[in-house]
Amino acid sequence: MHVGDTASRSRTVTARDIELFTELSGDRNPLHYDEDLAGRSRFGGIVVQGGVTTGLLNALVAEDLPGPGSVFLHVDWHFMAPVRPGDVITAHAKVLEVRLDKRVTTLETQITNQDGVLVVDGTAVVWRDPVVASNSF
């Protein structure tokens, strides 16, 4: 892994994602369910929980860059625009710094929607377990 390396991963967000995240987290905010209320809010419609959106970064880090055995040590994410059911979101990561002595990588992290709108922007510091990394397929 080197400074400048990149990876990305995309998926379509669904109403079922909202339901599953609610089951997991207990987040029943009406902005995620009540079309009338959400339509009258500053968001103008149903929005997906932030955890659903940033979950794509979890998958990107765990599966692609740095890869298996990776865990977040610190994240600094700014939510720039709402994500709605039906949106196709793409998570992007770019290596900013690599500390081989500590197996720590700093990543620029972003998520964009199908229109290229930046919906999440920030950084993540990730540690990669050497045992898992050396045994990954």
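I take helices (H or I, at least four residues) and strands (E, at least two) as DSSP runs, numbered from the N terminus. The model is predicted: local features need pLDDT of at least 70, side-chain atom pairs count only at pLDDT 80 or more, and totals for chains, interfaces and linings use all residues. Residues are numbered from 1 along each chain as its sequence is written, and side-chain values use heavy atoms, with hydrogens and water left out.

**Entry 1: largest pocket**

I looked up the largest pocket and noted a volume of about 280 Å³. For a pocket I use a 1 Å grid over the protein atoms alone and take an open set of points where a 1.4 Å probe fits, with protein on both sides within 12 Å along at least five of seven lines; lining residues have an atom within 4 Å of a point. Volume is the space filled by probe spheres set on the points, which are joined across faces, edges and corners.

I find 17 lining residues, with F43, F79, A81, P82 and V83 nearest the centre. Both α3 (50-63) and β5 (118-128) contribute at least two residues each to this lining. By class I record 11 nonpolar, five polar and one charged. Here Ala, Val, Leu, Ile, Met, Phe, Trp, Tyr, Cys and Pro count as nonpolar, Asp, Glu, Lys and Arg as charged, and the others, Gly among them, as polar.

**Entry 2: second largest pocket**

I noted a volume of about 160 Å³ for the second largest pocket. Its lining includes M1, P66, R99, L100, V104 and W127. While β3, β4 and β5 each give at least two lining residues, the largest share, three residues, is from β5. I record seven nonpolar, one polar and three charged residues in this lining.

**Entry 3: sheet**

I traced an open sheet of five strands in the order β1-β3-β4-β5-β2, paired antiparallel; strands pair if DSSP finds at least two bridges between them. At the edges lie β1 (6-12) and β2 (70-79), each pairing on one side only. Between β3 (residues 88-99) and β4 (residues 104-112) I find nine bridges. In one of these strands, β4, L107 is the bridge partner of V95.

**Entry 4: N29**

I located N29 in the loop between α1 (15-25) and α2 (35-40).
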